[in-house]
Amino acid sequence: MSAETLAEKLISKNHMGINIASVTIGVGILTFPRSLAKATGAFDGWISVVISGLCACLVGWLLAKLAARFPRQSFFEYSSMIASKPIAYILTFLVCIYTMLFVSFEIRAIGNIAKQYLFYNTPVEMITLSFLLIVQYSVIGSRIAMLRLNLLFLPVVLVVMFVVLLFTTQLFDIQNVRPFFSSDWRSLLEGSRVVGLSYSGFEIILFYTMLMKKPQEGAKAVMLGLSIPILLYMTIYMFAIGVFSAEVATNLTYPTIELAKEVEIPGGFFERVESVFFTIWIMTIFNTCAMWLDITVLNLSSMFNKVRKTFWVLILSPMIYFVAMLPQNLVDFFAFADSITYFGMILVYLCPILLLLIAVIRGVKGHE
């Protein structure tokens, strides 16, 4: 492969930042105001968003530094160099389970929300299956083409979010946000833990740094990618509390969508803004699912490099669908989401940081 052809197949720092922002802004942004309002009980929850975001930036920076030490190498390859091949097999296999579970969560979330707001009479099983088949099609194709979809979709989502917030400013009640700074430090820390679950996604830097033109810029890409969700989460939470109040937001399953429902376009020529909002949001969740499934395939292919990508996608999809259908109600669904996130914190936050520490101590480093 010529150098020019290789360069065309690699992505830039800004593109990686957009990928990280897109995968982070998934289902969590639709639900986090409820959990955060319950934890803090006040407008001060925006402080928890900032604290949690800074922690995510620190962890993301460390993960990026680990991947940058081993440019053009997969997670399995550099884990083998740092620890040993048996440990690398175990870690990579567990990562595959984690990413598969995340895909299951996302497609089930699509099924639940689409049934509630768009397709009232369609079984959630059919909505979920249809979405999974589209994600399958995307992952089987070109990896770089799939990643470049974020360049097209994310700006559209951000513009729609801006429009929704713009038209809800007239509903903002200053009395709903008073008193200021009434939360104690314990509730703010609890809020940081809760909203931290919505920052999951930046760990893709561990697996996609090998596709960057300049892997050493991975840390900057993480900072860029996380700055967008931090600002967006702060703004959405402030508006959710200002429009609904903390007490009401606590009792809404999807406060962000309910915020879109409150929008009234002047002149009354357009109604059901939440349907448009959610339809646009499907693009982001689609990209999130596609990237998580692609990372699963990428890691499996690094361990078993003679097996084709199509085979892995066709084998994994039934298992992903089966797991997605296991939660019987919303309580089970949100418990499932929390379990995945805590599992991921240990597996893709703590373990890679330990690998980085071992690599620094032992002086293990890859080559370009």
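**Helix packing, salt bridges and burial in a predicted model**

At 37% relative accessibility, R193 counts as partly exposed. This residue belongs to a predicted model, in which R193 forms a salt bridge with E190.

- The closest N and O atoms of R193 and E190 are 2.6 Å apart.
- Both residues lie in helix α9, with a separation of 3 residues, or about one turn of the helix.
- An α-helix has 3.6 residues a turn, so residues three or four places apart point the same way.
- E190 has a relative accessible area of 32% and is therefore partly exposed, the class that also holds for R193 at 37%.

- A salt bridge joins the side chains of R143 and D294, with an N to O distance of 2.7 Å.
- This pair links distant parts of the chain, since R143 lies in helix α8 (residues 143–168) and D294 in helix α14 (residues 273–303), 151 residues apart.
- D294 has 0% relative accessibility and therefore counts as buried, the cut-off being under 20%.

**Packing of α3 against α9**
- Helix α3 (residues 28–40) packs with helix α9 (residues 185–196) at an angle of about 160°, and their axes are 8 Å apart.
- Because angles over 145 degrees count as roughly antiparallel, α3 and α9 are roughly antiparallel to each other.
- The crossing of these two helices is right-handed.
- On the α3 side the contact is made by F32, S35, L36, A39 and T40, and on the α9 side by S187, L188, E190, G191, V194 and V195.
- By class, this contact has 6 nonpolar, 4 polar and 1 charged residues.

- Helix α5 (residues 75–82) is mostly covered, with 6 of its 8 residues buried.
- The buried residues in α5 are F75, F76, Y78, S79, S80 and I82.
- R72 is found in the loop between α4 (45–68) and α5.
- Although R72 is not a glycine, its phi is positive, at about 65°.
- The relative accessible area of R72 is 28%, which means that R72 is partly exposed.

Key. Residues numbered from 1 in each chain as written. Predicted model: local features only at pLDDT ≥ 70, side-chain atom pairs only at ≥ 80, totals over all residues. Heavy atoms only, no water. Axes fitted to C-alpha atoms, helices over the stretch in contact; angles between N-to-C directions. Helix = DSSP H or I, 4+ residues; strand = E, 2+ residues; numbered from the N terminus. Parallel < 35°, antiparallel > 145°, perpendicular 65-115°, else oblique. Left-handed = near helix turned anticlockwise from the far one by under 90°. Contact = heavy atoms within 4.5 Å. Nonpolar A, V, L, I, M, F, W, Y, C, P; charged D, E, K, R; others polar. Salt bridge = Lys/Arg side-chain N within 4 Å of Asp/Glu carboxyl O. Buried < 20%, exposed > 50% of the residue type's maximum accessible area, 1.4 Å probe, protein only.
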